[in-house]
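Here's a quick tour of a pocket and the ligand that goes with it. Have the 3D view open as you read.

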Amino acid sequence: MKHTKIVDLLTGKNLLHEVKAKGWVRTFRNNQFIALNDGSTINNIQCVVDLDKFPAELLKKIHTGAALSVTGTLVESQGAGQTVEIQVNKLKVYGEANPEEYPIQPKKHSLEFLRENAHLRVRTNIFGAIMRVRSTLSYAVHKYFQENGFFYFNAPIITGSDAEGAGEMFRVTNLDLNNLPRTEEGNINFKEDFFGKTTNLTVSGQLEAETYAMALGSVYTFGPTFRAENSNTSRHLAEFWMIEPEVAFNDLDDNMDLAEDFIKYVIKYTLEKCQDDLVFLDKRLQDEEKNKPQAERSGMSLLEKLNFVVENNFKRVSYTEAVDILRNCKPNKNKKFKYIIDGWGADLQSEHERYLVEKHFKCPVILFDYPAEIKAFYMRMNEDGKTVRAMDILFPGIGEIVGGSEREERYDVLVEKMKAMGIEEEELWWYLDTRKFGTAPHSGFGLGFERLVLFATGMTNIRDVIPFPRTPQSAEF
Ligand code: ATP
Ligand code: MN
């Protein structure tokens, strides 16, 4: 007999039939009630064991974490808290989990402890919920783009250009580090390296995606991205997943519309598909908030926040307006900010972004038209000659979730800009070709997938929303 997923058993449609479930024991109460979970849902199925039917030897093996197969009749439950349960006739223990050694016990573990046990943490309710939400969000990402005429484009992970991420990249090499080939001048001779040149892990697939947008029209990437930035924050990973749509003939307004519509869609989809998990995460967050001082509490529950984003327009504000607000705001005047905003041109830090979103506008914010100096070379120059058609989307609790722009499609202006910023034309000859042959206005953005999962789950540390986080000094598992 084949087993049935617990999520399907709990619908009760096999009532009074013989069913089989396989999963892991969450708890075993009174030597009689097994709460079994198979990962298909956050909910367990209760399996009722008749003591007399089974040898004590067998029952002794049932502990939190043990893997079981149970066969029995699905009946309406007498107890509170569940609708159906299995009256067990047959019981098989696949693998035990010695409670003296098994780290995941039925009690509250700290997130730090669970990070150290990242290979087992997904067996807890909280990480099961997070990872199911993550999976659903991934699916929604593809669904949105595929249903809106986008083509999935796989950007290379090993890249030969380091124009974008100078100093923040991970070198890819197969040279013998203990015996490096040297040039006559004594430098490392990368001609002898695998690719005959220096190569790195990608920090973004955008430049390559642009070449594809110039033929397929609308494309998106969704893949791993690497940044060797030594910023030990709760929002940065060394390896993370990025979504980068790129659309021919879109201007910055179209780009903002796309980003907003996309984010609303994936959150709405997840609200529909992950109800049980989100209700659990919502409750978890409410419990967390109770321990915080009043001033730091968010005032909205997780579900309220998600619904708010789906139902309300993001506020669109120019960088210049934002700087005016920040310059005159209380925390700036009282020197509560770590970085004081005293003039136009300053790069905004996370504390400023969060002030705008959480305190001033109290909704997601899209900032646009940033000073050219603080943005990348490929962003389109405005008429004023000092701002570029950039846009960042800022979210409560997170800060920047999206960074995007209308691209500089004018060959001469782009070359000029590259010269000014010290970016070598020879290295990006292929990128410049897109401006030489059939150039057209186009726009795109990058959304850090883990930041989206952070928002959707109400978690606060990015290490808790990716299965095996890579951060400075940490690549266990
Ligand atoms: P930040 O200022 O937060 O470091 P950024 O300006 O470096 O972000 P972009 O280069 O615009 O970010 O990358 C696009 C998106 O990728 C960001 O909006 C963010 O959501 C995400 N992102 C960037 N760096 C990281 C990282 N190290 N870990 C996780 N996500 C990241
Ligand atoms: Mn960064």
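What follows covers the ground rules, then the pocket, then the ligand.

## Ground rules

This is a predicted model, where local features need pLDDT of at least 70, side-chain atom pairs count only at pLDDT 80 or more, and totals for chains, interfaces and linings use all residues. Residues are numbered from 1 along each chain as its sequence is written, chains are lettered from A and ligands numbered from 1 in the order written, and side-chain values use heavy atoms, with hydrogens and water left out.

## The largest pocket

The largest pocket has a volume of about 1300 Å³. A pocket here is an open set of points on a 1 Å grid over the protein atoms alone, with protein on both sides within 12 Å along at least five of seven lines; lining residues have an atom within 4 Å of a point. The volume is the space filled by probe spheres set on the points, the probe being 1.4 Å.

Of its 46 lining residues, Arg 227, Glu 229, Lys 375, Asp 392 and Glu 400 are the closest to the centre. Strand 15 gives the most to the lining, 5 residues; strands are DSSP E runs of at least two residues, numbered from the N terminus. By class, the lining has 21 nonpolar, 11 polar and 14 charged residues (Asp, Glu, Lys and Arg count as charged; Ala, Val, Leu, Ile, Met, Phe, Trp, Tyr, Cys and Pro as nonpolar; the others, Gly among them, as polar).

## Ligand 1

Ligand 1 sits in this largest pocket, meaning more than half of its atoms lie within 2 Å of the pocket's grid points. Strand 15 turns up again, with 4 residues, the largest share of the shell around the ligand. Among the 15 residues around ligand 1, Glu 229, His 236, Glu 400, Ile 401 and Arg 451 come nearest (a heavy atom within 4 Å counts as near).

As for polar contacts (N or O pairs within 3.5 Å), a polar side-chain atom of His 236 lies 2.6 Å from a ligand oxygen. A polar backbone atom of Leu 237 is 2.9 Å from a ligand nitrogen.

Technical notes: Polar contact = N/O pair within 3.5 Å; in protein donor to acceptor, adjacent residues only side chain to side chain.
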